[in-house]
Amino acid sequence: METKNPKKMIKYVIKRSGKKEEICEDKIFYRIKKIIDDPLLGKLDHISSLIISKEVVDNVIDGVTTTELDNIAAKIAMEKRLSHHINY
């Protein structure tokens, strides 16, 4: 039985300038990390930029805007934060 190795589907993001660019997981990770590490936002314990960025990449569709990426990341982070504080 032959196993097929499906090619990874390339997804694109629409930047704020309107330019279409291939989604880069590293850029998503570093943007989330920068926000989580921002001292002006206060202490964001128990939020992993790696886990959030992986979930963001898994949940995006081709043609997503950078604003939508930000919103997806914020939603995932909030869900993680709330689920951590449910058992208090």
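This is a predicted model: local features need pLDDT of at least 70, side-chain atom pairs count only at pLDDT 80 or more; totals for chains, interfaces and linings use all residues.
Close-up 1. Residues are numbered from 1 along each chain as its sequence is written, and side-chain values use heavy atoms, with hydrogens and water left out. The axes of H1 (residues 25-36) and H2 (residues 49-59) come within 9 Å and cross at roughly 135°, on a scale that runs from 0 to 180 degrees between N-to-C directions.

**Close-up 2. The contact between H1 and H2 (heavy atoms within 4.5 Å) joins residues of both helices.** H1 contributes Glu-25, Ile-28, Phe-29, Ile-32, Lys-33 and Ile-36, and H2 contributes Ser-49, Leu-50, Ile-52, Ser-53, Val-56 and Val-57. By class, these residues divide into eight nonpolar, two polar and two charged.

**Close-up 3. The largest pocket holds about 570 Å³ of space.** A pocket is an open set of points on a 1 Å grid where a 1.4 Å probe fits, with protein on both sides within 12 Å along at least five of seven lines, and lining residues have an atom within 4 Å of a point. Of its 26 lining residues, Arg-31, Ile-32, Ile-35, Asp-70 and Ala-73 are the closest to the centre of the largest pocket. Helix H3 (66-84) gives the most to this lining, with eight residues.

Key: Helices (H or I, at least four residues) and strands (E, at least two) are DSSP runs, numbered from the N terminus. Ala, Val, Leu, Ile, Met, Phe, Trp, Tyr, Cys and Pro count as nonpolar, Asp, Glu, Lys and Arg as charged, and the others, Gly among them, as polar. Grid points are joined across faces, edges and corners, and a volume is the space filled by probe spheres set on the points.
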